[in-house]
Amino acid sequence: MKKIFILVFVITSILACNDKTASISSNGKAEISNSKVSAIKRTEFKRPSEFFTKEKIKVLVVGSFHMDYPGLDGHKTTENDKIDVLKEPKKTEVTELVEYIKKFNPTKIAIEAFPNWNAAEKLNGYNDGKYRDSRDERFQIGLRLANELKLDTLYSVDARALSNDWYVQDSISLGKVIGELNWDYKNSMEANYNDWYSYNDKMTKESNLLEYFKYMNSPESHKYGYGAYLDGWFKNENNQGADYLTIWWYNRNARIFRNVIGISNNPQDRIMVLMGNGHAAILRQLIEASPEYEFVEFDSL
């Protein structure tokens with residue numbers, strides 16, 4: 001009788017296990033198996049964008065290398081890798097690039113220049129046939145587009161960083177904030193970036209300019225381009241590198257963005273911004289985050 005009782009108990013226990021809320025699957029993970037457990041009700045959330053205007057000012061950032069090679073950036077292109085946009089085949093490729101950008105149909109054009117560059121005056125001169133032999137991308141792309149699209153002005157949107165203003169007004173207090181910043185701090189990615197920069201120089205020469213501009217204005221190129229500022233001296237102890245990046249490079253581009261959005265508040269406008277490609281990553285971030293502006297991918301035209 002005792003054996004019969006034990007057998008009944010075991011069978012009852014096995015049946016009861018089928019009603020448990022969790023069982024062990026073949027891979028050893030607990031799974032919900034009780035049919036009495038109600039499914040979690042899904043909540044439909046409104047997208048954040050639904051609370052903001054649908055009409056946004058479209059902004060096309062055209063990140064460029066400096067076609068006249070002024071040598072002001074940290075990386076210097078070798079003479080063998082430089083191109084001449086006034087000679088074939090690059091001269092024709094510049095025309096192809098300009099025709100491609102025209103698809104965006106910009107109503108406003110902003111360029112990397114300070115007010116004392118006198119963009120409006122130079123545009124008038126360009127309209128009269130001057131500056132056609134200048135290799136500077138502001139003439140090759142910016143003024144040429146404004147001329148061919150019959151725009152009456154250009155907007156100079158470059159800005160100096162807070163660090164520059166701070167140094168002029170009180171270099172001593174700036175030094176106290178930044179401290180003894182070690183500019184020679186080990187750059188673990190230096191070799192990688194040098195290889196990439198050299199590759200870019202060679203591809204500028206070997207590839208079609210329009211295809212190269214699509215490549216250099218891609219999200220991945222922008223991301224890794226900005227990453228160069230997050231190594232080396234940025235990693236100084238006590239946040240000195242982070243502080244300097246903030247008041248220098250990030251601040252400069254934030255100010256440039258402020259200048260860009262000061263051009264127009266008309267949602268019908270289409271703003272093209274021509275800058276050195278090093279600025280494009282932060283401008284992309286700021287434009288994409290703004291509920292009033294839409295970042296237009298260069299390769300989507």
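**Salt bridges, cores and backbone of a predicted model**

E294 forms a salt bridge with K58, the closest N and O atoms being 3.5 Å apart; a salt bridge here is a side-chain nitrogen of Lys or Arg within 4 Å of a carboxyl oxygen of Asp or Glu. E294 lies in strand β7 (residues 293-296) and K58 in strand β3, so the pair ties together parts that are 236 residues apart in sequence. Helices (H or I, at least four residues) and strands (E, at least two) are DSSP runs, numbered from the N terminus. E294 is partly exposed at 33% relative accessibility, and K58 is partly exposed at 28%. Buried means under 20% relative accessible area, exposed over 50%, and partly exposed in between (1.4 Å probe, protein chains only).

This is a predicted model, in which local features need pLDDT of at least 70 and side-chain atom pairs count only at pLDDT 80 or more, while totals for chains, interfaces and linings use all residues. Residues are numbered from 1 along each chain as its sequence is written, and side-chain values use heavy atoms, with hydrogens and water left out.

The structure holds 17 salt bridges. Side chains of opposite charge can pair when their charged atoms come close. One of the pairs joins R252 to D158, with the closest N and O atoms 3.0 Å apart. Since R252 belongs to helix α9 and D158 to the loop between β5 and α5 (162-178), the pair ties together parts that are 94 residues apart in sequence. R252 is buried, with a relative accessible area of 17%, and D158 is buried at 8%. Another salt bridge brings together the side chains of D136 and R138 (2.7 Å, N to O). D136 is buried at 7% relative accessibility, and R138 is buried at 19%.

The nonpolar interior comes next. A nonpolar core is a set of buried Ala, Val, Leu, Ile, Met, Phe, Trp, Tyr and Cys residues joined through side-chain atoms within 4.5 Å. The largest such core has 36 residues, of which F65, I101, F213, M272 and F298 touch the most other members. Two or more residues of this core come from each of β3 (57-64), α2 (90-101), β4 (108-111), α3 (119-127), α4 (137-148), α7 (209-216) and β6 (270-276). Leaving aside neighbours within four places in sequence, F213 is in contact (heavy atoms within 4.5 Å) with V62, G63, S64, F65, M67, L97, I141 and F298. A second, separate core of 30 residues includes V59, I178, I247 and L283.

The backbone also has particular features. Most residues other than glycine have a negative phi, and most peptide bonds are trans. A cis peptide bond, with omega of about 5 degrees, joins E88 and P89; P89 is placed in the loop between β3 and α2. K150, although not a glycine, has a positive phi of about 60 degrees. K150 lies in the loop between α4 and β5 (155-156) and is exposed, with a relative accessible area of 74%. N238 is likewise not a glycine and has a positive phi of about 60 degrees. N238 is found in the loop between α8 (219-227) and α9 (240-261), and is exposed at 67% relative accessible area.
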